[in-house]
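Keep the viewer open while you read.

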Amino acid sequence: MRKKALFLLILLKFFSSVFAWDDVGHKTTAYIAWQVMTPRAREKAIEILLSAPEDSHLSALFLSYDARPLEVRRLEFFMLASIWADLVRDRNFPIRHQKYHQGSWHYVNKFWKAENGKVEFLENPEGEDAGKAVEKLFEFERILKDSSVKEAEKAIALAWFLHVAGDIHQPLHNSARVTEQEPKGDRGGNLFLLTPKDTPREKQENLHWYWDSIIVRNIKRGSSCDIEFIRKLSNRLMKKYPLQQLSLEIGKYDRWHEEGVKIATEQVYPSTLKRFEMPSAEYKKKAFEISERQLVLAGYRIGMTLNQIFQ
Ligand SMILES: [Zn+2]
């Protein structure tokens with residue numbers, strides 16, 4: 001077990017810097033969720049996550065042997081569980097990848113276009129996958145509440161819930177903007193390139209990734225370790241946006257999605273944003289402000305939902 005956990009940790013270091021709110025974003029929402037969770041909800045969440053099937057490698061993310069206090073290790077495990085859905089993308093583990101990876105669960109795209117400055121919503125183009133995030137969130141909640149479902153199955157649903165509930169607070173996980181260049185949508189900004197036209201593929205940056213990684217674009221991380229960096233960031237965000245001041249809409253996953261659509265259509269594509277150019281300092285600041293609020297909101301929502309499920 002110890003060997004496997006170490007091995008996984010090394011892998012985490014190399015493969016976790018990818019996709020959908022980068023790992024800092026997800027770990028921040030998980031950290032904030034943990035802060036508002038009741039002792040009972042924390043207990044239950046950890047117990048369930050530890051019951052995950054062996055081949056998912058989920059329970060191996062809990063470090064049972066190190067010397068830090070149990071509560072710190074439980075929190076760290078909870079934070080790592082929130083990025084498990086991205087870890088299983090790794091094709092170096094073909095069996096795990098095949099059994100657990102689900103690309104279309106990470107988003108739900110509303111297709112739209114701007115016509116004379118007005119937003120017009122469109123039918124999903126034929127053959128385009130619009131994503132399943134919202135329907136899956138409803139399903140994960142059902143699974144977690146169902147006393148006839150085995151703990152192992154609940155573990156996978158819970159890890160997915162922690163992740164997808166975070167993802168849909170990234171505005172570009174809710175949107176496919178249709179333009180002349182992108183008649184079938186821009187895949188949440190993935191087709192909107194920010195680097196110069198002749199940039200080799202492996203060095204290209206796009207708008208989706210820009211938003212995923214907006215926190216570390218704005219805050220110098222320095223040498224502080226993960227949990228320290230995230231603790232500071234989360235404490236600041238929770239102070240800036242107290243729980244009582246935000247509208248949580250618990251269980252209304254379609255509302256969470258609609259909020260993301262609103263941000264994506266109204267704020268993510270100002271006329272000053274140009275293809276093949278990095279966004280301005282002003283845009284970067286704005287994107288950061290929006291993302292900060294979305295991260296706290298996601299964290300509170302995840303925590304309060306789990307309080308309700310595990311009461
Ligand atoms: Zn994701």
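Predicted model: local features only at pLDDT ≥ 70, side-chain atom pairs only at ≥ 80, totals over all residues.

Two residues are taken to be in contact if their C-beta atoms, placed from the backbone, lie within 7 Å.

**Helix α3 against helix α4**

On the α3 side, R42, A45, I46 and L49 meet R74, F77, F78 and A81 of α4. Sorted by class, the residues of this α3–α4 contact are six nonpolar and two charged, with no polar ones. Helix α3 covers residues 39-49 and helix α4 residues 70-81; their axes come within 11 Å and cross at roughly 60°. Angles from 65 to 115 degrees would count as roughly perpendicular, so α3 and α4 are oblique to each other. Their crossing is left-handed.

The loop between α3 and α4 holds A60. Is A60 buried or exposed? A60 counts as buried because it has 20 C-beta neighbours inside 10 Å. For a sense of distance, the C-alpha atoms of A60 and L191 are separated by 36 Å, and the two residues are 131 apart along the chain.

**The nonpolar core**

Two residues from the α3–α4 contact, L49 and A81, turn up again in the largest nonpolar core, which has 69 residues. L49, A81, W84, L158 and A159 are the residues with the most contacts inside this core. Which helix gives the most to the core? That is helix α8, residues 151-167, with nine residues. Leaving aside residues up to four places away in sequence, A81 touches L49, L58, L61, A159 and L162.

**Helix α2 and its two partners**

L162 is also part of another contact: G25, H26, T29 and A30 in α2 meet L162, H163 and G166 in α8. Here the contact residues divide into two nonpolar and five polar, with no charged ones. Helix α2 spans residues 23-36, and it packs on α8 at an angle of about 110° with the axes 10 Å apart. The two helices are therefore roughly perpendicular to each other, and their crossing is right-handed.

Helix α2 also crosses α11, at roughly 65°, and these axes come within 9 Å. This crossing is right-handed as well. From α2 come V24, K27, T28, Y31, I32 and Q35, and they face D226, I230, R231, L233, S234 and M238 of α11. By class, the α2–α11 contact has six nonpolar, three polar and three charged residues.

| Helix pair | Axis separation | Crossing angle |
|---|---|---|
| α3 and α4 | within 11 Å | roughly 60° |
| α2 and α8 | 10 Å | about 110° |
| α2 and α11 | within 9 Å | roughly 65° |

Most residues other than glycine have a negative phi. What is the phi of E249? It is near 45°, a positive value in a residue other than glycine. E249 lies in the loop between α11 (226-240) and α12 (253-267). Because 14 other C-beta atoms lie within 10 Å, E249 is partly exposed.

F276 is not a glycine either, yet its phi is positive, at about 60°. F276 is found in the loop between α12 and α13 (281-309). With 13 C-beta neighbours inside 10 Å, F276 also counts as partly exposed.

Conventions: Residues numbered from 1 in each chain as written. Axes fitted to C-alpha atoms, helices over the stretch in contact; angles between N-to-C directions. Helix = DSSP H or I, 4+ residues; strand = E, 2+ residues; numbered from the N terminus. Parallel < 35°, antiparallel > 145°, perpendicular 65-115°, else oblique. Left-handed = near helix turned anticlockwise from the far one by under 90°. Nonpolar A, V, L, I, M, F, W, Y, C, P; charged D, E, K, R; others polar. Buried ≥ 20, exposed ≤ 12 C-beta atoms within 10 Å, placed from the backbone. Core = buried A, V, L, I, M, F, W, Y, C linked by C-beta atoms within 7 Å.
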